[in-house]
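Good morning. I will take you through one protein model, one part at a time. Please have the sequence and the structure open.

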Amino acid sequence: MQTIYLDGTYLEHNPSYGVEDSPWKAQQILSIIRKNKLNPGSICEIGCGAGEILRQLQLSLPEHVRFQGYDISPQAIQLSQQRQNQNLSFACEDITKTEIDPFDILLCIDVFEHVEDYLNFLRQLRPKSKYKIFHIPLDMSAQFVLRAEPILWMRENVGHIHYFMKDTALWALKDAGYKILDYCYTAEHVDRPKSFKARSLSLPRKILYAIAPDVTVRLLGGYSLLVLAES
């Protein structure tokens, strides 16, 4: 499965590497950093893609903060080079196989659902930073299971090979040795629907979410989980 990130297949299906989603994702990350009063001097992102999330964070955090992006895809790192500057750099490298000085915060944004042995992957990340911020798509909803098409589309086009609900995502982190400090739902497909089906579900999701968030997420989907953890 990893070959799709090396041979250009992922880039073929996702030519922008999700750059258009990065400002929104960066805002979610900033929100949980500020809520928990974290003051990082260094931030790295594993699976950084084209590097736009880190660039957006750099625009909002103090100038002294150092940013480092890692990705195993040479195509992604090539795209990231245009964003590189004195305190923002990128490397085509798998840091689970490399000794590095720990960062203050490690970002793992929509990544471990792509990794075959995700529990071992999560354990290997533990010494790489004090804090970790995970963003995890919650693909396992009643609506998605009944329709099947959304899950199959994500498998074929964006490489999801594991599918989580809130409880199994949190347990995966706990099983890998993490302590959960904070978490919340994020609503990208509600706030920024990209298809007719997503737009048609946006209002029902918002109304039901205001009454019963967990039920809405399990029933209608369209949400992800943002988690702050330490190990």
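**Helices on a sheet**

Helix H8, residues 166-175, lies across strands E5, E6 and E7, and runs at about 155° to E6. Some terms before I go on. Helices (H or I, at least four residues) and strands (E, at least two) are DSSP runs, numbered from the N terminus. Axes are lines fitted to C-alpha atoms, for helices over the stretch in contact, and angles run from 0 to 180 degrees between N-to-C directions. Contact, or touching, means heavy atoms within 4.5 Å.

This is a predicted model, where local features need pLDDT of at least 70 and side-chain atom pairs count only at pLDDT 80 or more, while totals for chains, interfaces and linings use all residues. Residues are numbered from 1 along each chain as its sequence is written, and side-chain values use heavy atoms, with hydrogens and water left out.

Now the sheet. It is open, has seven strands in the order E3-E2-E1-E4-E5-E7-E6, and its pairing is mixed. Two strands pair if DSSP finds at least two bridges between them. At the edges are E3 (88-92) and E6 (179-186), each pairing on one side only. On average, neighbouring strands of the sheet are turned by 15° against each other, direction ignored.

E6 pairs with E7, residues 224-230, in the antiparallel sense over seven bridges. Which residue in E7 is the bridge partner of Cys184? The partner is Leu226. Helix H2, residues 22-35, also packs on the sheet, where H2 touches E4 (103-109), E5 (129-137), E6 and E7. The direction of H2 makes about 40° with that of E7.

Next, two single residues. Tyr70 sits in strand E2, residues 66-71. Is Tyr70 buried or exposed? Buried means under 20% relative accessible area, exposed over 50%, partly exposed in between (1.4 Å probe, protein chains only). Tyr70 has 7%, so it is buried. Ile95 is 25 residues from Tyr70 along the chain, yet their C-alpha atoms are separated by 7.3 Å.

The second residue is Asp110, in the loop between E4 and helix H5 (118-125). Asp110 has a relative accessible area of 17%, and is therefore buried. Its side chain makes a polar contact with the side chain of His135, at 2.8 Å. A polar contact is a pair of N or O atoms within 3.5 Å; within protein, one must be able to donate a hydrogen and the other to accept it, and residues adjacent in sequence count only if both atoms are side-chain atoms.

On to the interior. A nonpolar core is a set of buried Ala, Val, Leu, Ile, Met, Phe, Trp, Tyr and Cys residues joined through side-chain atoms within 4.5 Å. The largest one has 33 residues, of which Cys108, Phe112, Leu122 and Phe134 touch the most other members. Strand E1 (42-46), E4, H5, E5, H8 and E7 each give two or more residues to this core. Apart from it lies another core of 24 residues, including Ile32 and Leu57.

Last, the whole protein. There are eleven helices and seven strands. The radius of gyration is 17 Å, close to the 17 Å that the globule rule gives for 231 residues, so the protein is as compact as a globular protein of that length. That radius is taken over C-alpha atoms, and the rule is 2.2 Å times the number of residues to the power 0.38. Buried residues make up 52% of the 231.
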